[in-house]
Amino acid sequence: AGVRPTVRTYGALLSALAEWDGGAGAARDSAVTTVRALLLEMRVEHAIQPDAYCAMAALRAMGNARDWRAAVELVDALRAGADAALTEDAGAAARARRAERAREDGEGAEGALLDDDVERVDAARAARVGARVRARPPALGTSVYTAAIGVCARAGQLRSAERLFAWMRADRVAPTAATIAALVGGCAFDGEWRRALELLDELEAIDGGEAVTTSPSAIYAYSGALRACARAREYAEVLYLFDRIRQQGLRPDGYCYHQVVLACEHAGTVRRVRELLDEMRADGVRGNVFVNTAAVQVFAAKGAFNAALQLLDEMCADGPRPTVVTYNVLLRGLLVREQIETAKQVIKQMPKLGVQPDGYSHSMLANALAAGGQAAEAAKYVAKLPVDLVSPRTYHGLVVSLCQAGEPRLALEQLGVMRRAGLAPEPRTMRLLLDEFSGELGGE
């Protein structure tokens with residue numbers, strides 16, 4: 001129609017692609033390819049410099065697809081004042097879009113970064129467009145850097161996130177609490193707890209420490225550091241870091257409480273877990289089934305079954321309601337300590353409390369019965385279960401337990417039970433039985 005698009009036109013289109021809910025996988029990859037082609041078209045066809053709004057929209061689309069490479073290359077291209085189309089594929093997409101729109105062949109399109117030795121571009125046009133674009137180099141602000149770092153961190157690419165952070169420093173762009181939180185998130189993926197703690201030191205130095213208390217992103221930085229310490233199994237550091245959060249005057253969220261409660265299984269006490277639950281209520285943190293389930297797990301692991309049952313009663317009375325996972329962590333603790341009768345009572349009571357035992361609940365009990373010298377009872381218990389609660393995996397666990405209990409014949413009989421139930425044994429189950437009977441059966 002002869003109407004030239006502006007940077008706002010492209011910004012709106014890029015934003016629409018970033019928000020487009022066209023599905024997962026290939027659809028999201030296709031959206032990123034289109035975004036890259038549009039960035040190419042802006043620079044090469046119309047000599048429009050992408051502004052921060054366009055860059056942020058493009059990074060959102062790249063983040064949705066976990067395309068961290070595209071994010072790094074976009075920032076690299078913007079820093080260099082070069083074109084933001086990043087690969088041959090992006091150039092091909094731009095050529096296809098123009099060919100379809102104009103139904104013309106023969107007009108070239110740039111398929112690589114617009115630099116001094118770009119290929120397949122008319123030299124005069126490249127010089128003309130390049131001069132127009134580079135006359136207005138992009139201003140990469142904190143928000144663009146932070147968004148790109150976040151894309152890399154969420155994709156588990158800490159090295160690339162650190163490279164962007166180094167570029168940010170080189171460009172004298174000051175990081176904010178949100179930047180630190182995004183980078184700490186990358187540390188959490190890799191368990192780089194020492195680096196996470198270093199970044200917290202940087203956070204506490206921003207604006208003389210005011211960023212910690214004024215930025216909503218600060219607590220996310222601390223919770224990411226908690227996760228990094230937990231992933232590295234530095235449980236004492238988790239407890240120390242939680243105290244540090246308190247000292248900074250921050251209010252821990254449910255995720256922070258979840259991490260520190262789990263750490264108490266290795267580095268804390270039952271009493272400390274109870275104190276944490278009380279602190280959570282005093283802080284006004286909404287009841288969290290994950291935190292309470294973690295607390296039940298710690299109580300059960302430490303043999304504090306009365307405390308675990310008391311917490312379950314509180315959950316049933318005041319919420320949040322326990323789930324089958326909550327009961328399963330209790331059952332696992334009971335059965336590890338050979339409290340089989342108590343475990344039976346818990347399974348019996350679960351339906352009355354509105355929670356149905358699942359296949360894992362019954363499988364744990366059956367395996368414990370077999371390991372405790374009650375092999376026949378274990379086999380009968382599984383045979384009586386409803387069909388929807390048993391699977392080849394259930395029988396594999398039972399066969400393993402029966403063989404370990406010195407009952408290989410009874411383990412072999414489970415193959416017939418499985419066939420009658422319409423289940424096919426797993427290959428590992430067959431290998432186990434073959435190994436068990438190889439000496440007795442010989443060639444047979």
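Predicted model: local features only at pLDDT ≥ 70, side-chain atom pairs only at ≥ 80, totals over all residues.
**Figure 1. The largest pocket and the residues that line it.** The lining of the largest pocket is made up of 19 residues, and those lying nearest the centre of the pocket are Y360, S363, M364, N367 and G397. Helix α18, helix α20 (359–371) and helix α22 (392–404) each contribute at least two residues to this lining, with α20 giving the most, namely seven residues. Sorted by class, the lining comprises seven nonpolar, eight polar and four charged residues.

**Figure 2. The packing of helix α16 against helix α18.** Helix α16, which spans residues 289–301, packs with helix α18, which spans residues 324–336, at an angle of about 10° and with the two axes 8 Å apart. Because angles under 35 degrees count as roughly parallel, α16 is described as roughly parallel to α18. On the α16 side the contact involves V289, T293, V296, Q297 and A300, and these meet V325, T326, V329, L330, R332 and G333 on the α18 side. The residues of this contact between α16 and α18 divide into six nonpolar, four polar and one charged.

**Figure 3. The pairing of helix α10 with helix α13.** The axes of helix α10 (residues 193–205) and helix α13 (residues 235–247) come within 13 Å of one another and cross at roughly 10°, which means that α10 is roughly parallel to α13. From α10, the residues that make the contact are W193, L197, L200, D201 and E204, while α13 takes part through E237, L241 and R244. By class, the residues of the contact of α10 with α13 divide into four nonpolar, no polar and four charged.

**Figure 4. Two stretches in which pLDDT stays under 50.** Across the protein, pLDDT averages 83, and 84% of the residues score at least 70. Over residues 82–91, however, pLDDT stays under 50, and for this stretch the model has 37 contacts beyond four places in sequence. Over residues 101–138 pLDDT likewise stays under 50, and here the model has 56 contacts beyond four places in sequence.

Notes: Residues numbered from 1 in each chain as written. Heavy atoms only, no water. Axes fitted to C-alpha atoms, helices over the stretch in contact; angles between N-to-C directions. Helix = DSSP H or I, 4+ residues; strand = E, 2+ residues; numbered from the N terminus. Parallel < 35°, antiparallel > 145°, perpendicular 65-115°, else oblique. Contact = heavy atoms within 4.5 Å. Nonpolar A, V, L, I, M, F, W, Y, C, P; charged D, E, K, R; others polar. 1 Å grid on protein atoms, 1.4 Å probe; cavity = no way out; pocket = protein on both sides within 12 Å on 5 of 7 lines; lining within 4 Å. pLDDT = per-residue confidence, 0-100.
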